[in-house]
Amino acid sequence: MKRSCGVLLPIASLPSRYGIGSFSESAYNFVDWLSDSGQTYWQILPLGPVGYGDSPYQSFSTFAGNPYFISLESLIEKGLLTESECNEADFGVNEESIDYEKLYINRYPLLKKAYGRANLDGDKSYKNFIEENNFWLEDYALYMALKEMYNGKEWTEWEPDIKLRNTEAINYYKTKLAEKTGFHKFLQYEFYSQWKSLKEYANNKGIQIIGDIPIYVAFDSADTWSDPHLFQLDCNNEPLAVAGCPPDGFSETGQLWGNPLYDWSYHKETGYKWWISRLKQCFSLYDVVRIDHFRGFDEYYSIPYGAKTAVNGHWEKGPGMDLFREVRKILGDQKVIAEDLGFMTDSVRELVKESGFPGMKVLEFAFDSRDSGCRNDYLPHNYNKNCVAYTGTHDNQTIVSWFDTISEEEQTMARDYLCDYYTPEDKLNKVFISLLMRSSADTVIIPMQDYLGYDDSSRINTPSTLGNNWKWRMKKDVLTDELKDDIKKISVLYGRNRNY
């Protein structure tokens, strides 16, 4: 595989006029900027509609797209909204932070206006979209309409007949809520149409999209409500156990994610039909798919439902290669990145190796005083070619703040490894990026904040916390020609620039 590199930047973090990054002109400008700097990849986060905590890893659907990403400018161009209507909406005043409350309050009324003005009856492409996506869209649209009717309550708090999907109740609400379900279908049509156009533009510019899918779905989601037999639920569709991970460097009490766990025996009986449908959809949306928490396919961490922390969880056996053999049989060879971070065992390493998927290396994990030997897997001299190397991910500190907060011993370890005792701390980001770029890893992905030399005020997510995540936005004026030339130069220097 040719040496390559790219940039990690969530769609939500793009600069734009209306409160959150979207598929607007700023996204196309960013693609141009990446292409001119010789990058091959643009890595993003999951594209699904966000739920509790605004996390893209706790989405209302594994198939649907986030309506916040629909370009209002595009709707203006189509005559479905006016510029004054969009300009009058209050999306917040901080151009470097997303105000999700104001987005929810003010963006949906605009989207409903656009829906009311759309002439969908004679739109052949709209009809085709509905038919092609009916296997998930009908349930999702009804779920969202019901959720609105129940004032946002989790589906377990709905009336028993619709909670348990009684056929008469389903038919009744499909009729009663037809206008509302039509609105959510319209949103998905606009999302998919705009995303398809942006992805095609990126591909034509030589940029491939790395998408990201969580291994799990949210409990409060159309997926769990519509297909409860896929999960470990009781007769009332309440979880028997939930997902998370054990205590580690991120959290002393582990991470309690709360997602429903899969009933892998049922999935096996169906030939992994649901997983194949899910991955097929992902392979149509992205050029490369990063599967989050890949180790969960070998063994998954099961936490008793109702537990307050993840301390008392235990490991259960997952489907292993059986799933991926079936995926390969049906869908052929596809480009996948296995997120193999966290607690590793020999069986997890064997699964990654047998799959053939590249794993991940995170430079910030390389200089841990608790694992100070030269055999640390995250030290660049230990990388194999078949991996994707990062300074950090969306879950990590920026490289500048990371170095500032590690111990003096660990700073010395890093300085010794770099043979660099003089570069100021706030300039070390370029040194660390150079270190990764000259490694043997086939692919290197750098978070945009690390190229910019930002501190943790631009951090995307701090695991096991709520309230201040997924909010950072990049200012438009930072995408300078000088920075573009610096990125181009370093990628040329280490044989990673797409154009050389």
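A residue is called buried here when its relative accessible area is under 20%, exposed when it is over 50%, and partly exposed in between, with a 1.4 Å probe and protein chains only. The structure described is a predicted model, in which local features need pLDDT of at least 70 and side-chain atom pairs count only at pLDDT 80 or more, while totals for chains, interfaces and linings use all residues. Residues are numbered from 1 along each chain as its sequence is written, and side-chain values use heavy atoms, with hydrogens and water left out.

Helices (H or I, at least four residues) and strands (E, at least two) are DSSP runs, numbered from the N terminus.

The neighbours of E12 come next; two strands are said to pair if DSSP finds at least two bridges between them. Strand E1 (residues 4-8) pairs with E12 in the parallel sense over 5 bridges. Strand E11 (residues 387-390) also runs parallel to E12, and these two pair over 3 bridges. Isoleucine 445 takes part in both pairings: in E12, it is the bridge partner of glycine 6 and the bridge partner of tyrosine 390.

A salt bridge is a side-chain nitrogen of Lys or Arg within 4 Å of a carboxyl oxygen of Asp or Glu, and the structure holds 27 of them. One of these salt bridges joins aspartate 139 to arginine 165, with the closest N and O atoms 3.1 Å apart. Aspartate 139 lies in helix H6 (residues 134-149) and arginine 165 in the loop between helix H7 (160-163) and helix H8 (167-176), so the pair ties together parts that are 26 residues apart in sequence. Aspartate 139 is partly exposed, at 22% relative accessibility, and arginine 165 is also partly exposed, with a relative accessible area of 24%.

A second salt bridge links aspartate 298 and lysine 317, whose closest N and O atoms are 3.0 Å apart. Because aspartate 298 lies in the loop between strand E6 (288-291) and strand E7 (299-304) and lysine 317 in strand E8 (residues 314-317), this pair ties together parts that are 19 residues apart in sequence.

Elsewhere, salt bridges that share partners join Asp36, Asp481 and Lys484 into one network.

Histidine 293 has a positive phi of about 55° although it is not a glycine. Histidine 293 lies in the loop between E6 and E7 and is buried, with a relative accessible area of 8%. Tryptophan 470 likewise is not a glycine, yet has a positive phi of about 65°. Tryptophan 470 is placed in the loop between helix H18 (448-452) and helix H19 (481-493), where it counts as buried at 8% relative accessibility.

Tyrosine 150, in the loop between H6 and H7, is buried, with a relative accessible area of 13%. From C-alpha to C-alpha, tyrosine 150 and asparagine 128 are 31 Å apart in space and 22 residues apart in sequence. Leucine 428 belongs to helix H17 (residues 428-437) and counts as buried at 1% relative accessibility. Leucine 428 and serine 440 are 12 residues apart in sequence, with 21 Å between their C-alpha atoms.
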